[in-house]
Amino acid sequence: QRFYDRVLELDPKHTPSLKNLATLYAMRDERDLAAEVLRRLVALEPQDALDRALIAEAKAQLPELESI
């Protein structure tokens, strides 16, 4: 997690780090953090198909994401 946080300090729009960080949070069952990161990702790339698939998968597991 520290690696992703550092990368995002240097480049807040680094989407690979956002995707990986969201996945990490979801795996740790840190739902609020995963939802926050996924919202940032959608704001950066609203039409990206891979992002949308990741979010659809996350929505199935995280009800907090219904607003995305």
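1. The model is predicted: local features need pLDDT of at least 70, side-chain atom pairs count only at pLDDT 80 or more, and totals for chains, interfaces and linings use all residues. Residues are numbered from 1 along each chain as its sequence is written, and side-chain values use heavy atoms, without hydrogens and water.

2. Start with helix 2 and helix 3 (residues 31-44). Helices are DSSP runs (H or I, at least four residues), numbered from the N terminus. The two pack at about 155°, axes 8 Å apart. Axes are lines fitted to C-alpha atoms over the stretch in contact, and angles run from 0 to 180 degrees between N-to-C directions. So helix 2 is roughly antiparallel to helix 3 (an angle over 145 degrees).

3. Which residues meet here? In helix 2 they include Leu18, Leu21 and Tyr25; in helix 3, Val37 and Leu41 are among them. Contact means heavy atoms within 4.5 Å. The residues of this contact divide into 11 nonpolar, one polar and two charged.

4. Helix 1 (residues 2-10) also packs with helix 2, at about 145°, with axes 10 Å apart. Tyr4, Asp5, Val7 and Leu8 of helix 1 touch Ser17, Leu18, Asn20, Leu21 and Tyr25 of helix 2. By class, that gives six nonpolar, two polar and one charged.

5. Helix 2 (15-27) and helix 4 (49-61) each supply at least two residues of the lining of the largest pocket. The lining has 10 residues; Thr23, Ala26, Leu54, Glu57 and Gln61 lie nearest the pocket's centre. A pocket is an open set of points on a 1 Å grid where a 1.4 Å probe fits, with protein on both sides within 12 Å along at least five of seven lines; lining residues have an atom within 4 Å of a point.

Methods: Angles under 35 degrees count as roughly parallel, over 145 as roughly antiparallel, 65 to 115 as roughly perpendicular and the rest as oblique. Ala, Val, Leu, Ile, Met, Phe, Trp, Tyr, Cys and Pro count as nonpolar, Asp, Glu, Lys and Arg as charged, and the others, Gly among them, as polar.
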